[in-house]
Amino acid sequence: AYYGRKLLRFLEKKKDSISPLLIVTHDYPDPDAIATAMALQYLAERLYGIKSRIVYKGIIGRVENRAMVDLLKVPIHKFRPSDIMSYENAALIDTQPEFENNPYPRNKKVTLVIDQHPCVKRPLAELAIIDVDCGATSVILTQALLLSGLEIPKRVATALAYGILSDTLNLYRAHRADIIQTYLDILPLCDMRALIRIQNPPKSKKFFSTLN
């Protein structure tokens with residue numbers, strides 16, 4: 001939970017200077033990126049009064065991902081170029097400033113990076129939390145939320161549990177004991193019915209004809 005503590009300390013220190021915060025996921029966001037962004041927004045606002053907006057570029061394509069956004073009412077928006085002008089501070093989620101898979105300008109310093117992928121070079125950021133062994137970026141935010149003492153809403157807990165499951169291939173890629181423990185700690189707070197519906201959403205006739 002080292003990175004969770006580090007994130008909490010940073011937000012506490014910077015709470016008066018980084019609001020409002022633009023939370024930017026990688027393009028075509030997956031459940032891990034969506035869950036991490038949603039949890040960061042909740043944590044930052046409820047604990048420190050930091051307002052934020054979650055944005056992405058591309059589409060939310062897979063039927064499971066769309067079900068996740070719809071069922072959990074994730075407040076995620078299409079990126080607009082004007083967002084860069086409107087927000088002085090930005091957090092990159094599950095991506096980094098040097099990566100080609102996000103819409104943030106390469107030469108503009110970001111406030112915060114939270115990611116699990118190896119660096120190309122050290123990110124240009126006030127704080128870069130990069131844990132390449134965590135299995136899912138959602139693990140970092142789950143640990144931070146559990147440490148914070150905040151009540152964790154069912155929809156946030158459910159998003160994080162699904163983010164961890166999807167990126168670790170149902171924990172197959174969870175190579176540290178604390179990853180499995182983090183998942184077990186968040187699971188009782190989930191809406192299990194919603195989690196099952198996200199993992200097994202209704203599929204259209206077109207899906208089956210394409211599969212055929």
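Throughout these legends, a residue is called buried when its relative accessible area is under 20% and exposed when it is over 50%, with partly exposed in between (1.4 Å probe, protein chains only). The model is predicted, so that local features need pLDDT of at least 70 and side-chain atom pairs count only at pLDDT 80 or more, whereas totals for chains, interfaces and linings use all residues. Residues are numbered from 1 along each chain as its sequence is written, and side-chain values use heavy atoms, with hydrogens and water left out.

**View 1. The buried and exposed residues of helix α1 (residues 2-14).** Helices (H or I, at least four residues) and strands (E, at least two) are DSSP runs, numbered from the N terminus. Gly4, Leu7, Leu8, Phe10 and Leu11 are the buried residues of α1; seen down the helix axis they fall within an arc of 165°, taken from the directions from the axis to the C-beta atoms, and so they line one face of the helix. Arg9 and Lys13, on the other side of α1, are exposed. The buried residues of α1 pack against α2 (31-48), β5 (110-115), β6 (125-130) and α5 (137-148), contact meaning heavy atoms within 4.5 Å.

**View 2. Helix α5, a mostly covered element.** Ten of the twelve residues of α5 are buried, among them Thr137, Val139, Leu141, Gln143 and Leu145. The buried residues of α5 pack against α1, α2, β5, β6, α6 (154-167) and α7. Gly149, whose phi is positive, near 85°, follows α5.

**View 3. The crossing of α5 and helix α7 (residues 177-186).** The two axes, which are lines fitted to C-alpha atoms over the stretch in contact, come within 10 Å and cross at roughly 60°. The contact is made by Val139, Thr142, Gln143 and Leu146 of α5 together with Asp178, Ile179, Thr182, Asp185 and Ile186 of α7.

**View 4. Tyr183 in helix α7.** Tyr183 has a relative accessibility of 10% and therefore counts as buried. Not counting residues up to four places away in sequence, Tyr183 touches Ala161, Ile164, Leu165 and Leu171. The C-alpha atoms of Tyr183 and Ser138 are separated by 9.7 Å, although these residues are 45 residues apart along the chain.

Definitions and conventions: Expected span 1.5 Å × (residues − 1). Axes fitted to C-alpha atoms, helices over the stretch in contact; angles between N-to-C directions.
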